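Here are a few friendly notes to read alongside the model.

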Amino acid sequence: MPPQFDPSNPSSDPERRAAFRLLFLCLMATGIGNNMLFAILPPLARGLGVEEYWVGAIYTLSATLFMMMTPIWGALSDRHGRKPYIVFGLSAFACSTLIFAAAALAGENGWIPPLGAIFAMALARTLFGSLGSATNPASQAYVADRTSPEERTEALAGLTAAFGLGAVIGPTLAATFVEWVGVATFMVMISVIVGAGAAGIWLRLPERTPPRVQSRPINPLSQFAFGADPRILPFVIYGAIIWITQSLSLSTLAFFLMDRLVLDEAQGLQLSSIALAVGAGALIVAQLVVIPALKASPRTLMTQGAIITIAGSLFMLVAPNYGGMVFGYLMTSFAFGLARSGFVGGASVSVTPEEQGQAAGLTTATAGLGFIVGPVGGLYLFTELGMFAPYIVAAALSVVAAAVAWFHPGVARATEAVRIKPEPKAPL
């Protein structure tokens with residue numbers, strides 16, 4: 001049985017740091033499993049002989065469910081505690097990865113038709129989007145419960161960097177081991193690692209804080225209505241825009257490199273994996289090195305992130321070679337690290353302790369919205385209007401994001417909130 005809350009026995013800072021490190025490792029594992037798909041799936045789809053829009057459909061289906069469910073999981077964690085939903089989400093992710101591995105194996109060996117394999121992969125991503133989405137909002141709320149407003153943006157940046165580190169490792173491991181062990185075996189290995197992480201969270205993550213009991217209804221409409229609250233509305237708008245720009249790049253990068261450099265499937269996997277890893281490394285530097293050094297406000301991080309995204313997207317249009325394309329993607333990934341930490345931290349400091357799960361669910365849902373619009377829209381732009389079109393649209397959207405970050409009064413209020421006297425840290 002998990003330990004009970006005891007106000008006379010608060011946790012020490014070492015205990016809190018150990019808990020955050022455990023969460024970091026588990027989210028890193030999910031980042032490995034999730035981001036390797038951006039390197040594996042485009043060459044796999046071309047090897048199966050299916051059109052690019054089927055890849056976009058897989059991303060979009062998963063993202064739709066992710067967007068709908070994350071606010072619900074966040075609100076449920078307010079009622080019942082964070083740890084059960086972190087464990088549940090990790091377990092669902094492990095199961096979805098196993099199903100995806102089976103579908104890839106069956107498709108590659110001709111046991112089922114190519115479209116049958118694609119539908120099975122879509123089913124696996126449906127499981128991730130609907131159930132595996134519980135992990136992120138509950139994890140963010142767990143950290144928010146245990147940090148003061150002044151600490152929160154930096155602490156949440158460290159947590160979200162875990163997913164970025166997984167984004168470095170995932171494509172790199174895919175490029176290194178997929179041809180050696182095969183797609184299916186590699187994904188089974190990831191599933192086992194994430195499953196072990198779920199067990200580790202259940203056994204080792206302390207949670208002595210009582211649940212934030214709430215009477216609000218748990219349904220998507222009521223949760224999304226909270227997004228219209230003026231305290232967090234600008235962060236939801238900004239988050240949706242910045243996630244769309246990120247998903248435009250992620251979903252089209254491998255195809256962009258294959259067509260721009262005239263690569264086959266194997267070469268596309270190798271070079272896109274390297275580019276994805278470099279971009280994810282830039283994101284980690286932004287979140288683990290630059291943000292703690294700058295001590296910047298949410299408003300500053302959001303504005304800088306949007307401006308650098310504009311520059312990186314436009315650079316992709318004129319990049320003369322593979323190195324230039326990697327540099328352009330590095331710029332947008334670094335910018336995303338700043339931007340994501342800014343809007344997540346800003347939303348968190350703008351609401352009460354009882355609303356942390358709900359706010360975390362909504363900010364996480366912006367990723368789902370981004371991957372509903374980005375992959376389908378990006379691949380449509382890519383195939384119908386040319387390979388440069390997604391980057392032009394990303395730059396234009398980032399101009400809007402920069403305007404929201406700098407001029408919206410709600411963002412300025414969050415900047416003032418982090419200057420108040422810190423709240424006492426809650427016990428674990």
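How are α3 and α5 oriented to each other, roughly parallel or roughly antiparallel?

1. Let us take that question first, bearing in mind that this is a predicted model. Two packed helices are described by the angle between their axes and the distance between the axes. Helix α3 covers residues 83-108 and helix α5 covers residues 135-145; they pack at an angle of about 150°, and their axes are 8 Å apart. Angles over 145 degrees count as roughly antiparallel, and α3 and α5 are therefore roughly antiparallel to each other. The crossing in which α3 passes α5 is left-handed.

2. Now look at the residues that bring this pair together. From α3 come Tyr85, Ile86, Gly89 and Leu90, and they meet Thr135, Ala138 and Ser139 of α5. Sorted by kind, the residues of this contact are four nonpolar, three polar and no charged.

3. Helix α11 (residues 298-318) packs with helix α12 (residues 322-349) at an angle of about 160°, and the axes lie 7 Å apart. α11 and α12 are therefore roughly antiparallel to each other. Here, too, the crossing is left-handed, with α11 passing α12. The contact of α11 with α12 is made by 16 nonpolar and 11 polar residues, and no charged ones.

4. The largest nonpolar core has 111 residues, and the members that touch the most others are Met121, Ile201 and Tyr238. Which helix gives the most to this core? Helix α1, residues 13-48, does, with 18 residues.

5. If you set aside its neighbours within four places in sequence, Met121 is in contact with Leu41, Leu44, Leu48, Ile58, Phe100, Ala103 and Ala104.

6. Finally, go back to helix α1, where you will find Glu15. Is Glu15 buried, partly exposed or exposed? Buried would need a relative accessible area under 20%, and exposed one over 50%; Glu15 has 35%, so Glu15 is partly exposed.

Conventions
Residues numbered from 1 in each chain as written. Predicted model: local features only at pLDDT ≥ 70, side-chain atom pairs only at ≥ 80, totals over all residues. Heavy atoms only, no water. Core = buried A, V, L, I, M, F, W, Y, C linked by side-chain atoms within 4.5 Å. Buried < 20%, exposed > 50% of the residue type's maximum accessible area, 1.4 Å probe, protein only. Helix = DSSP H or I, 4+ residues; strand = E, 2+ residues; numbered from the N terminus. Contact = heavy atoms within 4.5 Å. Axes fitted to C-alpha atoms, helices over the stretch in contact; angles between N-to-C directions. Parallel < 35°, antiparallel > 145°, perpendicular 65-115°, else oblique. Left-handed = near helix turned anticlockwise from the far one by under 90°. Nonpolar A, V, L, I, M, F, W, Y, C, P; charged D, E, K, R; others polar.
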